[in-house]
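Please keep the model in view while reading.

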Amino acid sequence: MVSLAQLPLAPAHADEDVWTYPRPPALQRCSNHLKVVWFAADGTESTIAETREALRVLETSHPPTYYLPPGSVRVALAPSAKHTFCEWKGAASYFDLQLPGTTAPGAVVRDRVWAYAAPTGGFAPLKDYVSFYASGKSAAGEWACFVDGERVGVQEGDFYGGWVTRNIKGKMKGGPGTWGW
């Protein structure tokens, strides 16, 4: 089993081509400033997660997927009924996010946050770290994710949760015609 301290540190701002990422995927420590911000429909903003102690997963043809320590999340996460399985990381459990400052109907974003309670082998350091899709919406507003102040783009499709920044290059899985890659 790999410990957190044994993981390599990700480069901060180097250009990266998704086709140079490995398969099976690699796990790295990440010291970039990651932030998830809620933009409410009324114009207010709230930070819902923030860290410089994340992990990231790199897999061929995918932008990085970031995992934040559970203590970096500042809002309530409630387990949902959704579960998926990754051949490399194991069983993922999903969460509903109660939006900051409101309990009104439509103030919950469903199934856009996930974690691995018992990740497999080399991914053991991911245990309980939380990943956010690059965007999440409800009737009450939306969130956006940031890496070192840059608002990230969304990986195409709705299955993968990669964050696309300007230094990530190459054709990425998730869009039309890429499902069988």
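By class, how many nonpolar, polar and charged residues does the lining of the largest pocket have? The lining has 16 nonpolar, six polar and five charged residues, where Ala, Val, Leu, Ile, Met, Phe, Trp, Tyr, Cys and Pro count as nonpolar, Asp, Glu, Lys and Arg as charged, and the others, Gly among them, as polar.

The model is predicted, with local features needing pLDDT of at least 70 and side-chain atom pairs pLDDT 80 or more, while totals for chains, interfaces and linings use all residues. Residues are numbered from 1 along each chain as its sequence is written, and side-chain values use heavy atoms, without hydrogens and water.

A pocket is an open set of points on a 1 Å grid over the protein atoms alone, where a 1.4 Å probe fits, with protein on both sides within 12 Å along at least five of seven lines, and lining residues have an atom within 4 Å of a point; its volume is the space filled by probe spheres set on the points, which are joined across faces, edges and corners.

| Largest | about 550 Å³ | Glu59, Cys86, Lys89, Phe159, Tyr160 |

Strand 7 gives the largest share of the largest pocket's lining, three residues (strands are DSSP runs of E, at least two residues, numbered from the N terminus).

How values were computed: Helices (H or I, at least four residues) and strands (E, at least two) are DSSP runs, numbered from the N terminus.
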